[in-house]
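Visitor: Hi, I'm new here and would like a tour. Could you show me what we're looking at?

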Amino acid sequence: MTIRENYEIAKKEYEKWGINVDKVLEQLKNVPISIHCWQGDDIAGFEVNKGEMSGGIDVTGNYPGKATTPQELRADLEKALSLIPGKHRVNLHAIYAETHGEVVERDQLEPKHFESWVNWAKDQGLGLDFNPTLFSHEKAADGLTLSHPDEQIREFWINHCIASRKIGEYFGKELGTASLTNIWIPDGYKDVPSDRLTPRQRLKESLDKIFEEKINEDYNLDAVESKLFGIGSESYVVGSHEFYLGYALKNNKLCLLDTGHFHPTETVSNKISSMLLYSDKLALHVSRPVRWDSDHVVTLDDELREIGLEIVRNNALDKVMIGLDFFDASINRIAAWTIGTRNMIKSLLYAMLVPNEHLKHLQENGDFTERLTLIEEFKTYPFGAIWDYYCEKMDVPVKETWLEEVKQYEQDVLAKRYSVLA
């Protein structure tokens with residue numbers, strides 16, 4: 001049978017539960033995922049004087065063919081985007097500025113250093129998001145930035161974040177869609193601190209200065225991102241979840257939840273409904289933690305499905321800004337983007353094909369037997385046939401056939417990069 005024939009059969013199964021599958025697919029294609037550029041070059045960036053990787057971040061693997069120039073990175077992103085259904089966004093870090101050989105310190109970055117990215121985004125019809133880079137720099141070598149005891153170091157990073165908000169505003173004005181500018185810092189201590197309060201007071205004061213200037217939210221949205229622990233900050237992180245949750249709520253900023261930044265048994269999916277009660281918008285960085293914040297490529301596991309369900313069943317597709325954050329240098333990087341992003345979209349589609357209102361009704365009426373029955377039975381409903389049709393309709397490869405395109409791209413493009421380097 002054809003993909004269309006399989007779709008029509010599957011659609012009838014869902015329609016029995018009042019699910020308008022055609023309408024679901026129309027809605028899904030308008031949900032953007034913010035795809036992180038740093039998977040493509042192992043978070044190297046394009047600074048003239050590159051700092052050694054720091055901040056508890058490490059990329060493992062040496063798969064050949066990583067991007068080493070802005071042009072290569074954009075070409076790789078284009079290839080990945082051609083394999084992913086829908087229209088999406090690209091997320092940049094400050095280290096991806098293009099200064100054309102000039103040494104420009106991070107606190108001196110300007111919109112002009114991202115002009116090529118904006119022109120490219122216009123050509124591709126993409127939105128851009130942004131992150132100041134507070135790691136891999138000599139002024140972050142001891143693991144402290146916005147909470148540093150040295151006022152001059154704090155001032156440097158404050159000015160970098162202020163400059164980053166201006167860049168986010170530039171993106172929003174040029175592209176007609178608000179940029180999410182997200183602040184994450186590595187600050188913390190390897191061993192048990194003798195004073196947890198003072199660094200957090202300094203962080204709060206630094207953030208207050210960063211956000212002093214009001215920027216129109218039509219152009220730029222501010223977010224702050226927490227973390228539980230990292231390499232070199234195993235015992236204490238200044239910007240904890242509780243710190244940023246309080247700061248975001250009090251100061252009308254977005255709280256960004258990274259799925260790898262919590263206890264191993266703590267799930268972000270369980271936080272979404274609570275957060276939405278008190279915040280108009282919420283931001284996510286979706287990765288796949290394995291034992292610690294290892295940022296593996298996103299797979300369609302139980303937690304990812306549950307994240308999709310929480311977003312959809314709470315009518316929050318326009319309230320939750322979904323971004324990805326993983327980096328794997330042990331496999332083809334374009335394949336990593338494609339696998340992770342397609343899986344994020346699959347989780348949303350899966351959730352949209354569940355009779356959520358009926359399941360809510362069953363819970364409210366105490367019918368837990370039917371609730372559990374349907375939750376389990378829908379796991380084996382013909383979701384795959386709907387996904388295949390969606391991919392075909394969106395003119396991207398169906399099933400695993402996209403991998404052939406990646407292999408061909410590796411042969412035609414990536415292989416030439418590492419042969420030149422060799």
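**A first look around**

Guide: Ser-269 is buried, with a relative accessible area of 5%; buried means under 20% relative accessible area, exposed over 50% and partly exposed in between, using a 1.4 Å probe and protein chains only. Keep in mind that this is a predicted model: local features need pLDDT of at least 70, side-chain atom pairs count only at pLDDT 80 or more, and totals for chains, interfaces and linings use all residues. Residues are numbered from 1 along each chain as its sequence is written, and side-chain values use heavy atoms, with hydrogens and water left out.

Visitor: Thanks! Where is Ser-269 placed?

Guide: Ser-269 belongs to helix H8, residues 269-278. Helices (H or I, at least four residues) and strands (E, at least two) are DSSP runs, numbered from the N terminus.

Visitor: And which residues is Ser-269 in contact with?

Guide: Apart from neighbours within four places in sequence, Ser-269 is in contact with Glu-303, Glu-306, Ile-307 and Glu-310. Contact here means heavy atoms within 4.5 Å. With Glu-303 there is also a polar contact of 2.8 Å between the two side chains. A polar contact is a pair of N or O atoms within 3.5 Å; within protein, one must be able to donate a hydrogen and the other to accept it, and residues adjacent in sequence count only if both atoms are side-chain atoms.

Visitor: Let's hop elsewhere. Is Met-344 buried or exposed?

Guide: Met-344 is buried, because its relative accessible area is 0%. You'll find Met-344 in helix H10, residues 333-352. Leaving out neighbours within four places in sequence, its contacts are Ile-33, Val-286, Leu-304, Ile-307, Ile-322 and Leu-324. Ile-322 is 22 residues from Met-344 in sequence, and their C-alpha atoms are 8.9 Å apart in space.

Visitor: What about Thr-181, where does that lie?

Guide: Thr-181 lies in strand E4, residues 179-183. Thr-181 counts as buried because its relative accessibility is 2%. Not counting residues up to four places away in sequence, Thr-181 touches several residues, including Phe-130, Ser-164, Arg-165 and Asn-220. The side chains of Thr-181 and Asn-220 also make a polar contact, at 2.5 Å.

Visitor: Okay, helices. At what angle do H6 and H7 pack?

Guide: Helix H6 (residues 197-210) and helix H7 (residues 241-251) pack at about 35°, and their axes are 12 Å apart. Axes are lines fitted to C-alpha atoms, for helices over the stretch in contact, and angles run from 0 to 180 degrees between N-to-C directions. H6 contributes Arg-200, Leu-203, Lys-204, Leu-207 and Asp-208 to the contact, while H7 contributes Phe-243, Tyr-244, Tyr-247 and Asn-251.

Visitor: How do those residues divide up?

Guide: Into 5 nonpolar, 1 polar and 3 charged. Ala, Val, Leu, Ile, Met, Phe, Trp, Tyr, Cys and Pro count as nonpolar, Asp, Glu, Lys and Arg as charged, and the others, Gly among them, as polar.

Visitor: What is found at the start of H5?

Guide: There, a side-chain oxygen of Asp-150 reaches to within 2.8 Å of the backbone nitrogen of Gln-152. Just after H5 comes Gly-176, with a positive phi of about 75°.

Visitor: One last stop: is Arg-291 buried or exposed?

Guide: Arg-291 is exposed, with a relative accessible area of 77%. Arg-291 lies in the loop between strand E10 (288-290) and strand E11 (292-296).
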